[in-house]
Amino acid sequence: MSGLPDQMRAVAVATPGGPEALKPTTRPRPSPREGEILLRVAAAGVNRPDVLQRQGFYAPPPGAPDLPGLEIAGEVVALGEGATRFKLGEAATALVAGGGYAEYCAVHETNALPVPAGLTLIEAAAIPETYCTVWTNVFDRGELKGGEWLLVHGGTSGIGTTAIQLAKAFEARVLTTVGSTEKARACVRLGADLAIVYPEEDFVVATLAATGGRGADVILDMVGGDYVARNYAAAAIDGRIVQIAFLRGRKVEIDLHPIMAKRLSHTGSTLRPRTIAEKAEIIESLQAEVWPLIADGRCRPLIDSTFPLEKAADAHRRIENPEHIGKIVLTL
């Protein structure tokens, strides 16, 4: 790997805490192992799991870098033994288990994808974690079908803006909850059939009204807490609730009767701890089913803001600000 520096710029968590815990540092540059590629990172997406790691609540899985950052885009600058899917100099975007907040990051070639035509590297870096999360939860576990109703909580988050676009691309109907009228307008522009401003309106009542009393067939929830029982009330017969986070808490006392009465399924998943092979399956589905939608402009990551790598603390302050709409990306 001649010509590559031995050291690289990075941002690490000095001591768990607030955004100020993110500190610029220098680390040894990683080398790609068998089957891996090395990317010179041009941009890295910022996600809620990064915030949890910074706070000390979400440790990297065994063997993963301790640096935060779960999605990246950049140039392939080195190939590990046996890696054949990419050529040197090719632009790629990748789902990583950590290490994205750095100048260089290694990833198994099966967990990377070519950058879709027409996308900038900043946009490409906003895809892997978010799109993989939505695809595996809404379409694999939730089995959303055309004509069904999807209720997405947090419609202007990176997950929410992605779920709205993907669901509409597959001809589902979309309801979403948001915190303000401005955010509601943003979701409707993305294609949502109805955006419910939850401080002003009960989302259960609004969901039942919008669906003619049917309820939502699939509910994507990252709130938890008191939303669990309300999701059951808002769900349709044979509805599927998919849990991906617990912003209001993961421990609740719940009446299970609606699960039997409505034949509900309540499932969930996490992405980061999955094996390389499991992630590769999701990546393969994404390339086959979603990459054409991105290439023809039917889906596109919505970028809220960008920050240079050294300002990662400011990026975390932004993602924790309820006013942001879409994805936040670090640039190098």
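This briefing looks at one helix and at several salt bridges. The model is a predicted one.

**Helix H1 and its neighbours**
- Helix H1 spans residues 48-55, and its buried residues are Pro-49, Asp-50, Val-51, Gln-53 and Arg-54.
- After H1 comes Gly-56, which has a positive phi, near 90°.

**Salt bridges between separate elements**
- Asp-226 and Arg-248 form a salt bridge, with their closest N and O atoms 3.0 Å apart.
- Asp-226 sits in the loop between strand E11 and helix H7, and Arg-248 in the loop between strand E12 and helix H8, so this pair ties together parts 22 residues apart in sequence.
- Asp-226 is partly exposed at 41% relative accessible area, and Arg-248 is partly exposed at 46%.
- Arg-263 pairs with Asp-238 in a salt bridge of 3.0 Å, N to O.
- Because Arg-263 lies in the loop between H8 and strand E13 while Asp-238 belongs to strand E12, the pair links parts 25 residues apart in sequence.

- Arg-317 and Asp-314 form a salt bridge, their closest N and O atoms being 2.7 Å apart.
- Both residues lie in helix H11, 3 residues apart, about one turn of the helix.
- Arg-317 is partly exposed at 40% relative accessibility, as is Asp-314 at 32%.

- Salt bridges with shared partners join Asp-202, Asp-226, Arg-230 and Arg-248 into one network.

Terms used. Residues are numbered from 1 along each chain as its sequence is written. This is a predicted model: local features need pLDDT of at least 70, side-chain atom pairs count only at pLDDT 80 or more; totals for chains, interfaces and linings use all residues. Side-chain values use heavy atoms; hydrogens and water are left out. Buried means under 20% relative accessible area, exposed over 50%, partly exposed in between (1.4 Å probe, protein chains only). Helices (H or I, at least four residues) and strands (E, at least two) are DSSP runs, numbered from the N terminus. A salt bridge is a side-chain nitrogen of Lys or Arg within 4 Å of a carboxyl oxygen of Asp or Glu.
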